[in-house]
Amino acid sequence: MQEAAAKAEEDKAVRRVAREERKVNQERELAQKVASRELHRCRVCADKVHRGGKTWVGCACGAFWVFPACSKQLAAGAALAEHVIMCAGPPESGSGSQSGVGDSCSSSDDSE
Ligand SMILES: [Zn+2]
Ligand SMILES: [Zn+2]
C-alpha cells in the first residue's frame, strides 16, 4: 500500500517538474519574442513595431529600425549614427575574403 502511495507521489513530482519545465520554456520563448520585438521597435518614437514590408529605414544588422515617418526627424539620424558606432554589422558577414595573404613573404628573385 505504501509503495503505491510513494509511486503516486513520485508521479506527481515528475508531472510537477514537467510542468515547471514547460513553463520555463514558455517564458523563454516569450522573452525571445519580446526581445525580437524590441529589436524591431522604432528607435525614434518607440511606438511602432516593424513587422516587415513598408519602407522602414533600418540598419543592415536588422537590429535597428525607424518608422518611415519618424525617419524624417532629426532624432532618427542621431539614433542611427549612435547605433552604427556600436553596430557589429550584418550577422552573415562571416565569409572572409579569400585573397592570397601569404604572398608577400621573401620572394627570392633569382634572375640570372
Ligand atoms: Zn517611430
Ligand atoms: Zn546595425
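Two residues are in contact if their C-beta atoms, placed from the backbone, lie within 7 Å. Among contacts in the protein between residues at least 6 apart in sequence, 40% join residues at least 24 apart.

This is a predicted model, in which local features need pLDDT of at least 70, side-chain atom pairs count only at pLDDT 80 or more, and totals for chains, interfaces and linings use all residues. Residues are numbered from 1 along each chain as its sequence is written, while chains are lettered from A and ligands numbered from 1 in the order in which they are written.

**The whole protein**

Switch to a cartoon view. The protein has 2 helices and 2 strands. From the N terminus on, their order is α-β-β-α. Both kinds of element are DSSP runs, numbered from the N terminus: helices are H or I with at least four residues, strands are E with at least two. Next, think about burial. A residue is buried if 20 or more other C-beta atoms lie within 10 Å of its own, exposed if 12 or fewer, and partly exposed in between, with C-beta atoms placed from the backbone. Of the 112 residues in the protein, 9% are buried.

**Stop 1: helix α1**

Select residues 2-39, which form α1. This helix has 38 residues and reaches 55 Å from its first C-alpha to its last. That is close to the expected 56 Å, a span defined as 1.5 Å times one less than the number of residues. The helix is hardly covered: its count of buried residues is 0.

**Stop 2: the loop from α1 to β1**

Move on to the loop between α1 and β1 (57-58). Select Arg43, which sits in this loop. Is Arg43 buried or exposed? Arg43 counts as buried because it has 23 C-beta neighbours inside 10 Å. Leaving aside neighbours within four places in sequence, Arg43 is in contact with Phe64, Trp65, Val66 and Ala79.

Ala46 is not a glycine, yet has a positive phi of about 55 degrees. Ala46 counts as exposed because it has 11 C-beta neighbours inside 10 Å.

Go on to Arg51, also in the loop between α1 and β1. With 9 C-beta neighbours inside 10 Å, Arg51 counts as exposed.

**Stop 3**

Arg43 and Phe64 lie 21 residues apart in sequence and 7.1 Å apart in space, C-alpha to C-alpha.

Select Cys42, Val44, Phe64, Trp65, Val66, Phe67, Cys70 and Ala76 together. These 8 residues are the largest nonpolar core. Such a core is a set of buried Ala, Val, Leu, Ile, Met, Phe, Trp, Tyr and Cys residues joined through C-beta atoms within 7 Å.

**Stop 4: helix α2**

Finish at α2, residues 74-86, and select Ala75 there. Ala75 is partly exposed, with 14 other C-beta atoms within 10 Å. Its C-alpha is 6.3 Å from that of Val44, 31 residues away along the chain.
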